[in-house]
Amino acid sequence: MDDPSKPPILDHPVEEASAFTADALIDDVRRLREVGTEALPAVCFLEFDGDLTDWLVEQQIAVAFRSWACFHTTMFSLDLEGLRCGIIARTIGGPYAVLIAEQLHAAGASLIIGLTSAGRVAPELPLPGIVVATKAIRDEGTSYHYLPPGEDATCPSCLTLPIARELSLSGFAVRTGKVWTTDAPYRETNRQLGKWEREGALAVEMQAASLFAFAKARNANVAVVARVSNAVDHEGSQFDTGSNEQGLEILKALARAGRSFLAI
């Protein structure tokens, strides 16, 4: 008999193989849509807001990548610092981000970098600012399908250090540290914000814990960079992540970091 005190999300058999796989879905997409088999770019970005991707396409910096076998998204490719990269827009929220990350990993992407907007938790963090996430508080559901409840969702330093270095060299104010991942942005309470501030969280977003858990379980290379744009205690302009030109400079820095990581 099931234990009613243990929610199903905390009782997932993470050691068991999945009955449905990303490889199977990719095979179906290729068959049904006659998608090509060109190799994916080694570095792929998940751009959660989508505005930057829209601008890159409008400026003809990014073009559609026709061999991306996915029912749900379009990939665009762009050359950054001599490296061909892929970018997929609006993969917001842990479940959707991991759905696409699973397919990217299965299709051969070597490094997946999430670029998300986020809210400030630590009062001293400048707005707008950038946080390279090293660890995530698992206040969401997807990670529990990949890791046991007591295991940390972390990003290895071999990914976070080169990313933080390249962003800093590009002139951005960068912090590295913990973020709070939530499934319910409209249920963030002042008590929670205070609690996670005391626990050392810098910002709150919706994907990092899910992506880090997936990466750890699947032995994938995944990083998350947050453009912190708003805060409940901020009286100035909200939701300002900077210009699209600045977003492009961030992508270039991430491409340089990706290139140095892949060369190891």
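Reply: Axes are here lines fitted to C-alpha atoms, for helices over the stretch in contact, and angles run from 0 to 180 degrees between N-to-C directions. The model is a predicted one. The helix in question is α7, residues 244-262. At 1.5 Å a residue, its 19 residues should span 27 Å, and the end C-alpha atoms of α7 lie 26 Å apart, which agrees.

The partner is helix α4, residues 157-169, whose axis comes within 8 Å of that of α7 and crosses the latter at roughly 140°. Angles over 145 degrees would count as roughly antiparallel, and those of 65 to 115 as roughly perpendicular; α4 and α7 are therefore oblique to each other. The crossing in which α4 passes α7 is right-handed.

On the α4 side, the contact is made by Cys158, Leu159, Pro162, Ile163, Arg165, Glu166 and Leu167. From α7 come Ile250, Ala253, Leu254, Arg256, Ala257, Ser260 and Phe261. By class, ten residues of this contact are nonpolar, one is polar and three are charged.

Definitions and conventions. Residues numbered from 1 in each chain as written. Predicted model: local features only at pLDDT ≥ 70, side-chain atom pairs only at ≥ 80, totals over all residues. Heavy atoms only, no water. Helix = DSSP H or I, 4+ residues; strand = E, 2+ residues; numbered from the N terminus. Expected span 1.5 Å × (residues − 1). Parallel < 35°, antiparallel > 145°, perpendicular 65-115°, else oblique. Left-handed = near helix turned anticlockwise from the far one by under 90°. Contact = heavy atoms within 4.5 Å. Nonpolar A, V, L, I, M, F, W, Y, C, P; charged D, E, K, R; others polar.
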